[in-house]
Amino acid sequence: MSQGSEAGGGNSHHPVLIIGGGNAGISLAARLKRYRVKGIAVVDPTEQHLYQPFFSHIAGGTAKAEVAVRPQESVMPKGVTWHRDSATAIDPAAKTVTLGSGQTLTYEHLVVCPGIQKNWNGIPGLQDAYDSPYGATNYSLDLAVKAWRLLSSLRSGTVVFTMPDGPITCGGAAQKPMYLACDYWRSQGVLDNIRVILAVPTRTVYGVDVVDEELNRKITEYGIELRCTTELTSVDAEDRLATLRDTARSTEEQVRYDVLHAAPPQSAPEWIRATGLADDDGFVAVDKHTLRHITHPTVWSLGDAAGTPNSKSGAALRQQTKVLAKNLESVLKGNQPGQKYNGYGACPFTVSRSTVVLAEFDDTLTPKPTVPGWKGLAKEKRLTWLVERYGFIRLYWYAILKGRA
């Protein structure tokens, strides 16, 4: 079924068709509306819109789940047609998109931004761990709520936090609930009774030198056991055993846990591979600067589904949205795309329940601070916490999704 956000609309042809109604799709549609682009449609089956950066706060007990959820209809820009369905196929030569219902849509320009695919069964036993009373993650809303329930009730034992190798949305997010929980346990006087293990696949805790320095300081402060170049390879949910493999040393260890907080492996949506639009990794093959497809000039992509080398994050997406909207507007007017995305990404690490370390960098992991005159954002700060916890969510609901930021 398809309908417009103002009135019903069964149109099957759209000058601009956007696949995906998350941050990328909604903020892009809103920005294009502000540029007076006509005939925009969004394909997305979900009834709820989620502010995913807050999942870390929910898992860490510094926010309630309800503040991160709004009806999708309430954020859909007025005048944009909403096809409440999922895309299952694209034929870029015919300029068609097939929906799950069997309906076929045609377009003049297509923006592919369905997000990233979370592979809940990507590690043997991981889904069983999530289904058990002892496993959770901040990569889904319900499991983030479960995570805080598990972490806040723990008074002794072993907690294992892991993130997978490969592409992942906001790689630092897997760590954030850990710092929030450690600060909470310290305030409850039980931190010394809890063994905390963090396994990351990278050679350092994050990969940006100035940020690694701050995170390592907090890791030492909380007594966390850091395992670099280490991945979760299997879980025995019944016996609560996590197998961790050090890929640099080719060694394995089994850890018995009381709570397992594991970010699931992630990849490009599988259906994109069959479209002829994918790169070798399955993501949409776009020019990393203009965000236009390298061989199909009427196809564009941004966000987690785009084959760009930057860190996949909301901060990156915000910059990409501005670039793509301007470039698409230019092309629709018969001109060449003139804006370039510079690879910017960011990750605010909630290293305590009142401080944040803000990592800002480009696609080579070179620091890229963006606030003139505000030095030291990569250092632990209270002010950054206030902006991240209270400012960003208001910016999201009232500016980013309105195409104004």
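Ala, Val, Leu, Ile, Met, Phe, Trp, Tyr, Cys and Pro are counted here as nonpolar, Asp, Glu, Lys and Arg as charged, and the others, Gly among them, as polar. By that scheme, the lining of the second largest pocket has eleven nonpolar, ten polar and seven charged residues. The model is predicted, with local features needing pLDDT of at least 70, side-chain atom pairs counting only at pLDDT 80 or more, and totals for chains, interfaces and linings using all residues. Residues are numbered from 1 along each chain as its sequence is written, and side-chain values use heavy atoms, with hydrogens and water left out.

**Confidence**
- The protein averages a pLDDT (the predictor's confidence in each residue, from 0 to 100) of 95, and 96% of the residues score at least 70.
- Over residues 5–9 pLDDT stays under 50, and for this stretch the model has twelve contacts (heavy atoms within 4.5 Å) beyond four places in sequence.

**Helix packing**
- Helices are DSSP runs of H or I with at least four residues, numbered from the N terminus, and their axes are lines fitted to C-alpha atoms over the stretch in contact, with angles running from 0 to 180 degrees between N-to-C directions.
- Helix H1 (residues 23–34) packs against helix H8 (residues 314–332) at an angle of about 35°, with the axes 9 Å apart.
- Among the residues making this contact are Leu28 and Arg31 of H1 and Leu317 and Leu324 of H8, and the contact of H1 with H8 divides into seven nonpolar, four polar and two charged residues.
- Helix H6 (residues 176–187) and helix H7 (residues 209–222) also pack at an angle of about 35°, with their axes 11 Å apart.
- Tyr179, Cys182, Asp183 and Arg186 in H6 meet Leu215, Lys218, Ile219, Glu221 and Tyr222 in H7, a contact with five nonpolar, no polar and four charged residues.

Note on methods. Helix = DSSP H or I, 4+ residues; strand = E, 2+ residues; numbered from the N terminus.
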